[in-house]
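Please open the structure in your viewer and keep the selection tool at hand. The tour begins at a pocket and then turns to a pair of helices.

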Amino acid sequence: QEVFDRAIRTENKLTDTEQRERANRVRAATKDTLTWATGHTKTFNQHWKEQKRPTPWEPFPNWPFFPVVFEYLEDDSNRVKIFEKSRTMMVTWAITAYLTLQCMLVDEREIAVQTITDEKGSEVITYAKQLYDSQPQWLKDEFPLPKPTDKQPMNEFRVGSSVMFVLPSGEGKIRAY
């Protein structure tokens, strides 16, 4: 509530022109997942030392196949998406970036994450929180959290009125939920 109240107070101090500029800046940063992931958040590379990278925190890689992956995810004509994937392609992380942005942009979004193990599901949620936390402050201000990420349960990520959570693995778990 404090963050929301602060945002309202800040917004009330802005002129109409400043409010439009702010809205345009947010709209441009979140116009699609590729733009947001590669330009407005950072990913954590746990193999950064072996790869001789200067830091573990870098923008999402702009590899040639990611525009196609994100376009496929953002296409609403098919509700079920199928990927043939490889660990080195970062498809799980690309999907997580897409889902994280969806939680930010769409009120009341509810996303269930189910993976082979609950531990893997928690890794996805941790990554979503890390993507959110790595944004510039002006984007975090636009999409406030009900609680800081470190105070949220490890198996869920809440932003605004949306939630991403882990379901236990198993064929009947989604139906039971």
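**The pocket and its lining**

Select α5 to begin: this element gives the largest share of the lining of the largest pocket, eight residues. Helices (H or I, at least four residues) and strands (E, at least two) are DSSP runs, numbered from the N terminus. The model is predicted: local features need pLDDT of at least 70 and side-chain atom pairs pLDDT 80 or more, while totals for chains, interfaces and linings use all residues. Residues are numbered from 1 along each chain as its sequence is written, and side-chain values use heavy atoms, without hydrogens and water.

Next, display the largest pocket, whose volume is about 2000 Å³. A pocket is an open set of points on a 1 Å grid over the protein atoms alone, where a 1.4 Å probe fits, with protein on both sides within 12 Å along at least five of seven lines; lining residues have an atom within 4 Å of a point. Its volume is the space filled by probe spheres set on the points. Select V91, T92, W93, I95 and T96, the closest to the pocket centre of the 48 lining residues.

**The helix pair**

Now select α5 (residues 91–105) and α6 (residues 118–133), which pack at about 60° with axes 9 Å apart. Axes are lines fitted to C-alpha atoms over the stretch in contact, and angles run from 0 to 180 degrees between N-to-C directions.

Finally, show T92, W93, T96, A97, T100 and M104 in α5, which meet E123, V124, Y127, A128, L131 and Y132 in α6 (contact means heavy atoms within 4.5 Å).
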